[in-house]
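Student: I would like to learn how to read aromatic pairs in a model. Can we work through a case together?

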Amino acid sequence: MSITRSRRYAAIVAAAVLTGTLAYAAAPASGSAAAAAWTPPTVGHVFVINLENKGYAKTFGTTSKAPYLAKTLRAKGNLLTHYYGTAHNSLGNYIAQISGQGPNPQTQSDCQVFGDFVGTALPAADGQAVGTGCVYPSSVTTLADQLTTAGKTWGGYMQDMGAKPARESKACGHPTIGSKDNTQAAVVGDQYATRHNPFAYFHSLLDSGACAQNDVPLSRLTTDLAKVATTKTLSYITPNLCNDGHDAPCVDGRAGGLATANAFLRT
């Protein structure tokens, strides 16, 4: 599917605002000469950081256990107060982030079996692929595909991916097609979850090698940020199941939840 321009722009701006990476001037008052000439500033780099499983009030309320997120970062950017998930559990939201695809029964349940999507060969007129399953056919494209077509770059940075090579690879880590997903629960030494890595669910990225090339462990981010030339247009960051706030407590003994996610954000 090709995401519409308006939806893509909204998604990029929302992600940048939520992570405090986009600064821009307010538009002049409507009707003025300046308003007619005003155009949105160029966004050179967008950083998306995915956190999990806590509602708005607990995250941004006065008693939030994540003060760096709720107060420090909030003061430096803009907070979207009517920004909703598209699915429960996790995977449907991650897939929607990069493709605009709505959930189906398998993605809604986090794809316990990493099976191919079965349905119509091409997306419907509204861009939605009609069917069920997890790994979308190459006819269903993503924001990553669009960035590549436009001559831009992207990187998926997944914490702990490949920490245990027998569990998943260090690039675009995912189960074998048709097999059970053994990354649904964290293990000591590897808290990576395939379901929090949406790039692994699209044949347009798997079959072309784009996922293996661009979807890497989080440790690569430091190297890529060393130069502007190697900093991706889109840096999509997923912490492990403890640092993203999902698990509480965590298998490594940490408290998890918002407090641990807050500590991660500080780094």
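Student: How many aromatic pairs does a search of the whole structure find?

Tutor: The search finds 6 aromatic pairs. Keep in mind that this is a predicted model.

Student: What describes a pair of aromatic rings?

Tutor: The distance of the centres and the angle of the planes. Take Y136 and F202: their rings are 5.3 Å apart centre to centre, with 15 degrees between the planes. Planes under 30 degrees apart count as stacked, so Y136 and F202 form a stacked pair.

Student: Which parts does the pair of Y136 and F202 tie together?

Tutor: Y136 sits in the loop between β4 (131-132) and α7 (143-149). F202 belongs to the loop between β6 (179-180) and α8 (203-206). The pair therefore links parts that are 66 residues apart in sequence.

Student: Are Y136 and F202 buried or exposed?

Tutor: Y136 is buried, at a relative accessible area of 1%. F202 is buried too, at 0%.

Student: What kind of pair do F199 and Y236 form?

Tutor: An edge-to-face pair. The centres are 5.1 Å apart and the planes are at 80 degrees. F199 lies in the loop between β6 and α8, and Y236 in strand β8 (residues 234-238), so this pair ties together parts 37 residues apart in sequence. F199 is buried, with a relative accessible area of 1%. Y236 is buried, with 2%.

Student: Which residues form one aromatic cluster?

Tutor: F117, Y136 and F202 do.

Definitions and conventions. Residues are numbered from 1 along each chain as its sequence is written. This is a predicted model: local features need pLDDT of at least 70, side-chain atom pairs count only at pLDDT 80 or more; totals for chains, interfaces and linings use all residues. Side-chain values use heavy atoms; hydrogens and water are left out. Rings of Phe, Tyr and Trp (its six-membered ring) pair if their centres lie within 6.5 Å; planes under 30 degrees apart count as stacked, over 60 as edge-to-face and the rest as tilted. Helices (H or I, at least four residues) and strands (E, at least two) are DSSP runs, numbered from the N terminus. Buried means under 20% relative accessible area, exposed over 50%, partly exposed in between (1.4 Å probe, protein chains only).
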